[in-house]
Amino acid sequence: MSGNIQLLTDTLAAAKAEGRSALIAYLPAGFPTVDGGIEAIKAVFDGGADVVEVGLPHSDPVLDGPVIQTADDIALRGGVRIADVMRTVREAHEATGKPVLVMTYWNPIDRYGVARFTAELAEAGGAGCILPDLPVQESALWREHAAKHDLATVFVVAPSSRDARLAEITAAGSGFVYAASLMGVTGTRESVGAQAQDLVERTRATGTDLPVCVGLGVSDSTQAAEVAGFADGVIVGSAFVKRILEAPNHPTALTAIHKLATELSQGVRKQP
């Protein structure tokens, strides 16, 4: 069974052909429950998201801020397992026909087995993986299995990444490049800032054909429009999770994230 890297590539290309950025949403698997998480992903797709990243909850995150840490804790205390992550990917993709990736730290994959993880992700219809803490120089085994199963390998670049490092990362990655807009952890910000635009420009200067998508900090349609002015994709996570955490019940949460997805979808179409 082949993965859906081509679907991801085609989706990002279609957004570019429309003269806009793609909207990429992030939601953890198993949050607030496995079934509830699947419903949430369907809601953000229905609201206008082009791509969804499914977070694999981790007990010791290095990139995630307090909002996503809280969601991960709820999922882990609910007993979420990698099988639940795969089910989430499968059901979300089958229901929508849209690209679904997994965002995960390396340790769970290493413990699970790279061959097993990539085979199961492809079988579930996954488009690939975002691996924020896997160094490129240690990624050969992962990339070999990902390529065999037509899965994207998305690496994260940061403002601190030197130009030579950016070139190394873009040469090794596939699907798109995840540009972290600022140093620090995930979470909504008052401003995404010029650092992100500079990073996108430096990443593109490596000569890569990969789309460069910006995450960390975008929380509303105005910021989405700002980032859409210079990036190929706008990644939003904490803002969605926050809406779910603040909702008094699950139906209200679904309505809130659908509304946010609609607003953000309009934002990426209104570039300043």
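Biologist: Why is R165 called partly exposed?
Modeller: In this predicted model, R165 has a relative accessibility of 28%. Buried would need a value under 20%, and exposed a value over 50%. The 28% of R165 lies in between, so R165 counts as partly exposed.

Biologist: What makes the pairing of E168 with R165 a salt bridge?
Modeller: The closest N and O atoms of E168 and R165 are 3.5 Å apart. The cut-off is 4 Å between a side-chain nitrogen of Lys or Arg and a carboxyl oxygen of Asp or Glu. A value of 3.5 Å is within 4 Å, so the pair qualifies.

Biologist: Where do E168 and R165 lie?
Modeller: Both residues belong to helix α8, residues 163–172, and they are three residues apart, about one turn of the helix. E168 is partly exposed as well, because its relative accessibility is 35%.

Biologist: Are R20 and D50 buried or exposed, and why?
Modeller: R20 has 10% relative accessibility and D50 has a relative accessible area of 11%. The limit for buried is under 20%. Therefore R20 is buried, and so is D50.

Biologist: How do you know that R116 and E120 form a salt bridge?
Modeller: Their closest N and O atoms are 3.4 Å apart, which is within the 4 Å limit. Both residues lie in helix α6 (residues 114–123), four residues apart, about one turn of the helix. R116 is partly exposed because its relative accessibility is 46%, and E120 is partly exposed because its value is 27%.

Biologist: Why is H93 called buried?
Modeller: Its relative accessible area is 15%. That is under 20%, so H93 is buried. H93 sits in helix α4, residues 82–96.

Biologist: What makes the approach of H93 to N4 a polar contact?
Modeller: The side chains of H93 and N4 are joined at 3.3 Å. The limit for N or O atoms is 3.5 Å, so 3.3 Å is within it. Setting aside neighbours within four places in sequence, H93 is also in contact with L7, K98, V100 and G125.

Biologist: Why does I24 count as buried?
Modeller: I24 has 0% relative accessibility, and buried means under 20%. I24 is placed in strand β1. Beyond four places in sequence, its contacts include L12, V51, F176 and V236. I24 and V44 are 20 residues apart in sequence, and their C-alpha atoms are 9.6 Å apart in space.

Biologist: Which residues have the most contacts inside the largest nonpolar core?
Modeller: They are F117, W142, F176, Y178 and F240, in a core of 92 residues. Not counting residues up to four places away in sequence, W142 touches W106, I109, V114 and F117, among others. In soluble globular proteins, nonpolar side chains tend to be buried together.

Biologist: Which residues lie nearest the centre of the largest pocket?
Modeller: L56, P57, I82, P108 and R111 do, out of 13 lining residues. The space in that pocket is about 320 Å³. Helices α4 and α5 (106–112) each supply at least two lining residues, and α5 gives the most, with four.

Biologist: What makes the peptide bond between F31 and P32 cis?
Modeller: Its omega is about 0°. P32 is in the loop between β1 and α2.

Biologist: What is the phi of D150?
Modeller: Phi of D150 is near 55°, a positive value in a residue other than glycine. Most residues other than glycine have a negative phi, and most peptide bonds are trans. D150 lies in the loop between α7 (140–148) and β5 (152–154).

Technical notes. Residues are numbered from 1 along each chain as its sequence is written. This is a predicted model: local features need pLDDT of at least 70, side-chain atom pairs count only at pLDDT 80 or more; totals for chains, interfaces and linings use all residues. Side-chain values use heavy atoms; hydrogens and water are left out. Buried means under 20% relative accessible area, exposed over 50%, partly exposed in between (1.4 Å probe, protein chains only). A polar contact is a pair of N or O atoms within 3.5 Å; within protein, one must be able to donate a hydrogen and the other to accept it, and residues adjacent in sequence count only if both atoms are side-chain atoms. Contact means heavy atoms within 4.5 Å. A nonpolar core is a set of buried Ala, Val, Leu, Ile, Met, Phe, Trp, Tyr and Cys residues joined through side-chain atoms within 4.5 Å. On a 1 Å grid over the protein atoms alone, a cavity is a set of points where a 1.4 Å probe fits but cannot get out, and a pocket is an open set with protein on both sides within 12 Å along at least five of seven lines; lining residues have an atom within 4 Å of a point. Grid points are joined across faces, edges and corners, and a volume is the space filled by probe spheres set on the points.
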